[in-house]
Amino acid sequence: MVAYVPIGLLWGTLAAGKGFSALAAMLMSVFVYAGASQFVAVDMWVQPLPILVLTLTTLVVNLRHVLMSASISRHITAVPKGWRYALMFILTDESWAMAERRALHAPLDFGYMVGSSLPLWPTWFLCSFIGAAVGNRLGAPETYGLDFAFSAIFLSIIMGFWKGPRTGAVIIASGAAAVGTKLALSGAWYIMAGGVVGVIVASLLHSEADA
Amino acid sequence: MSNLLALNWPWAAAVLGMAAVTYATRISGLLLLSGVEVKGRWKAALDAVPVSVMMAVITPSILMTGKAESLSAVIVAIAAYFRAPLVLNILLGMGSVVLLRHLLGG
């Protein structure tokens with residue numbers, strides 16, 4: 001949860017730089033609540049707003065949620081069905097990564113899912129508000145390396161999943177596919193390309209012997 | 001939209017579109033897989049989703065921005081491999097990227 005504070009402040013700062021009021025920044029964080037796509041959206045934010053392109057790019061960046069919720073659905077069978085759909089609104093990269101790690105050794109019940117995921121949501125949107133309200137006074141985020149904080153968080157989570165050379169192969173395959181796609185296509189296709197290629201490599205390297 | 005509370009219609013339309021597609025992605029995995037048992041090669045594939053997708057998300061920032069960013073990513077990855085706490089890793093990443101940008105003139 002601590003990680004959401006600097007990232008939320010950073011995103012709010014960047015949004016303010018594109019003309020978002022603090023309320024506008026906060027409400028985007030309330031309703032969209034998907035950090036990676038919000039960073040991408042603010043990056044693309046020009047007047048007049050390319051609303052359709054923003055929506056489609058958000059879809060591509062967040063397509064990973066399909067795979068994430070498919071994966072987590074295996075572990076939340078103890079949660080009442082209606083609540084599963086509500087819980088998915090607060091499914092984020094980080095809460096999902098934590099839940100997946102816990103699912104390795106314990107079942108995921110409703111209490112765990114709410115307790116681990118729900119506090120992140122207000123943390124995210126309140127920090128977006130504060131970041132947009134006061135962040136501009138900090139000056140350029142690069143001065144403090146704040147622009148690198150998001151990468152550091154993801155790297156840490158990725159390494160938390162390290163299980164040996166096969167994990168390394170997945171990382172390399174995903175990175176290589178993302179680089180190639182990013183060079184060839186504009187937009188956020190590199191995320192889906194890297195994600196899919198990494199998953200294919202993991203599936204090819206799988207052997208029943210160590211399942 | 002420069003003051004504290006200002007909103008406008010184009011902003012609202014963009015947020016509505018982004019929120020709708022994002023929630024759709026979040027529930028579609030549930031809809032697709034409910035009642036299906038996943039094992040073997042499919043399980044290995046699903047288990048690799050986090051690493052694979054997160055790596056792809058950060059690839060442009062860590063591999064296609066500059067030497068300072070790539071080196072900092074290696075430093076953070078090594079620290080994370082040795083189970084350094086998340087907050088320490090963030091600070092390490094921010095610190096090394098600032099320092100390396102300065103040293104490498106990027």
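Reader: Where is Arg83(B) found?

Author: Arg83(B) lies in the loop between α4 (67–81) and α5 (86–104) of chain B. Helices here are DSSP runs of H or I with at least four residues, strands are runs of E with at least two, and both are numbered from the N terminus. This is a predicted model, in which local features need pLDDT of at least 70, side-chain atom pairs count only at pLDDT 80 or more, and totals for chains, interfaces and linings use all residues. Residues are numbered from 1 along each chain as its sequence is written, while chains are lettered from A and ligands numbered from 1 in the order in which they are written.

Reader: Why is Tyr33(A) called buried?

Author: Tyr33(A) has 23 other C-beta atoms within 10 Å, and therefore it is buried. Tyr33(A) sits in the loop between α2 and α3 of chain A, and its phi is near 50 degrees, positive although the residue is not glycine. Most residues other than glycine have a negative phi, and most peptide bonds are trans.

Reader: Which peptide bond is cis, with omega near -5 degrees?

Author: The bond from Gln47(A) to Pro48(A) is cis. Pro48(A) is in the loop between α3 and α4 (51–62) of chain A.

Reader: At what angle do α1(A) and α9(A) pack?

Author: Helix α1 (residues 4–17) of chain A and helix α9 (residues 120–134) of chain A pack at about 40 degrees, with their axes 7 Å apart. That angle makes α1(A) oblique to α9(A). Angles under 35 degrees count as roughly parallel, over 145 as roughly antiparallel, 65 to 115 as roughly perpendicular, and the rest as oblique. Axes are lines fitted to C-alpha atoms, for helices over the stretch in contact, and angles run from 0 to 180 degrees between N-to-C directions.

Reader: Which residues make this contact, and of what classes are they?

Author: Among them are Tyr4(A), Val5(A) and Gly8(A) of α1(A), and Leu120(A), Thr123(A) and Trp124(A) of α9(A). Residues are in contact if their C-beta atoms, placed from the backbone, lie within 7 Å. The residues of this contact divide into 13 nonpolar, 6 polar and no charged. Ala, Val, Leu, Ile, Met, Phe, Trp, Tyr, Cys and Pro count as nonpolar, Asp, Glu, Lys and Arg as charged, and the others, Gly among them, as polar.

Reader: How many residues of chain A are in contact with chain B?

Author: 82 residues of chain A are in contact with 66 residues of chain B. Helix α10 (residues 149–160) of chain A gives the most to the chain A side, with 11 residues. That side has 53 nonpolar, 22 polar and 7 charged residues.

Reader: What confidence does the predictor give to chain A?

Author: The mean pLDDT of chain A is 88, and 95% of its residues reach 70 or more. This score is the predictor's confidence in each residue, from 0 to 100. For chain B the mean pLDDT is 88, and 92% of its residues reach 70 or more. The model scores ipTM 0.81 and pTM 0.73.

Key. Two residues are in contact if their C-beta atoms, placed from the backbone, lie within 7 Å. A residue is buried if 20 or more other C-beta atoms lie within 10 Å of its own, exposed if 12 or fewer, and partly exposed in between; C-beta atoms are placed from the backbone.
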